[in-house]
Amino acid sequence: MVTALLLCIIFIVVSLTGAAGSSQFSAMFVFGDSLVDDGNNNYLNSLAKANYVPYGIDFFEGPTGRFCNGKTIIDFLGELLGLPYLPAFTSTFTKGTNIFNGVNYASAGAGILDESGRQLGNRFTLSQQVQNFETTLSQLKSQMDEEELSQYLAKSLVVMIIGSNDYLNNYLLPLLYTTSSKYKPKDYADLLISHYTHQILALQRLGLRKFLLAGVGPLGCIPNQLVTGLPLSGKCVSFVNDIVGLFNKQLGSLVNQLNANHSGAIFVYGNTYGVFTDILNNPSNYGFRVTDRGCCGIGRNQGQISCPPLFIPCLTRDQYVFWDAFHPTQAVNEIIAQRAYSGSPSDCYPINVKQMAYV
């Protein structure tokens, strides 16, 4: 009850100050999978890569390793926060790379569980991404004194967008993984949340204090799942969305728990599922015309083979919800970033990213 009251007070205060202030986060540190990877997999021995044409067709640098036609959610969110594009962790050892505005550790194929995505080859799992942050922290310690570093970390934003591969490249692949035979959907969600909590708190113990934890989107609606033949025509795979919903519900509860137990930090749940579902249910409201197939891909729903090299994608990319078999277009990424930044509590709970800057 006390926690709920405090969060309510914070919400009111930051709503009032947010209109007039111009505070910035010190930096942004990103952990996740291919939805936000900006090049960490480029030099890994992995099948999960996007450093080739037509990826990046609408990005000013061309193909960089982003799994999109253009900007990712993180690119758009950084623009809203006044931060430059973040370097991939693997590029931070290059002389002259600026790490003071933050670093992106996300890796395509990564999951909360270390085993998720292993059939795709090498990737930085979430636990490895946390270790990679410790490497960055060592670099920062050599350039800041203890007090400066403590304040810098406390005012930095952590964005964690992960969990999709624990379903798409684990639980939903029974021929390759045993998790679906070992765990009922609810128990599997509990397992994921337990592992996730461990990594979140590891980052909190290292000095980070502001966390945006994004839920998993409606995976049953992506072209990769529509090609399975399980959904009715024009429908999503309800079973997949149902089990993802269990994870999201647990993640929302975790946010409440973390806020109650760690008064010096703020944890926010990003309702990616809700925002994405609204786009799919009301595409014309957002300017979209195509919701059930990828802009770049081969086969049924353009989702059986996902955007091979040199493939010619659709021309009206901003009218498509999905770029390839798994990932949204930059047009969708912009909407999700905007809703995370300034959306209502139904989009970001208990406060949005803009308001987090004032806490």
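Guide: Gladly! The axes of helix α3 (residues 126-141) and helix α7 (residues 185-205) come within 10 Å and cross at roughly 5°. This is a predicted model, in which local features need pLDDT of at least 70 and side-chain atom pairs count only at pLDDT 80 or more, while totals for chains, interfaces and linings use all residues. Residues are numbered from 1 along each chain as its sequence is written, and side-chain values use heavy atoms, with hydrogens and water left out.

Visitor: Why is α3 called roughly parallel to α7?

Guide: Angles under 35 degrees count as roughly parallel, and the axes of α3 and α7 cross at roughly 5°, so α3 is roughly parallel to α7. The axes are lines fitted to C-alpha atoms, for helices over the stretch in contact, and angles run from 0 to 180 degrees between N-to-C directions. Helices are DSSP runs (H or I, at least four residues), strands are E runs of at least two, and both are numbered from the N terminus.

Visitor: Which residues in α3 and α7 meet?

Guide: Leu126, Ser127, Val130 and Phe133 of α3 meet Tyr196, Gln199, Ala202 and Leu203 of α7. Contact means heavy atoms within 4.5 Å. By class, the contact of α3 with α7 has 6 nonpolar, 2 polar and no charged residues. Here Ala, Val, Leu, Ile, Met, Phe, Trp, Tyr, Cys and Pro count as nonpolar, Asp, Glu, Lys and Arg as charged, and the others, Gly among them, as polar.

Visitor: What makes Thr136 count as buried?

Guide: Buried means under 20% relative accessible area, exposed over 50%, and partly exposed in between (1.4 Å probe, protein chains only). Thr136 has 0% relative accessibility, so Thr136 counts as buried. Thr136 lies in helix α3. Leaving aside its neighbours within four places in sequence, Thr136 is in contact with Phe29, Phe89, Ile99, Val103 and Tyr105.

Visitor: How do you know that helix α2 is largely enclosed by the rest of the structure?

Guide: In α2 (residues 73-81), 7 of the 9 residues are buried, so the helix is largely enclosed. The buried ones are Ile73, Ile74, Asp75, Phe76, Leu77, Gly78 and Leu81. Their cover includes β1 (28-32), β3 (157-161), β4 (210-214), α12 (330-342) and α13 (353-356).

Visitor: Asn301 and Leu310 both have a positive phi. Is each of them buried or exposed?

Guide: Asn301 has 17% relative accessibility, so Asn301 counts as buried. Leu310 has 70%, so Leu310 counts as exposed. Phi is about 60° for Asn301 and near 65° for Leu310. Most residues other than glycine have a negative phi, and most peptide bonds are trans.

Visitor: Which peptide bonds are cis?

Guide: One joins Val53 to Pro54, with omega near 15°, and Pro54 sits in the loop between β1 and α2. Another joins Tyr349 and Pro350, with omega about 5°.

Visitor: What lines the largest cavity?

Guide: Its lining is made of Ser34, Leu35, Phe67, Cys68, His327, Pro328 and Asn333. These residues divide into 4 nonpolar, 3 polar and no charged. A cavity is a set of points on a 1 Å grid over the protein atoms alone where a 1.4 Å probe fits but cannot get out, and lining residues have an atom within 4 Å of a point. The largest cavity has a volume of about 30 Å³, a volume being the space filled by probe spheres set on the points, with grid points joined across faces, edges and corners.

Note on methods:
Angles under 35 degrees count as roughly parallel, over 145 as roughly antiparallel, 65 to 115 as roughly perpendicular and the rest as oblique. On a 1 Å grid over the protein atoms alone, a cavity is a set of points where a 1.4 Å probe fits but cannot get out, and a pocket is an open set with protein on both sides within 12 Å along at least five of seven lines; lining residues have an atom within 4 Å of a point.
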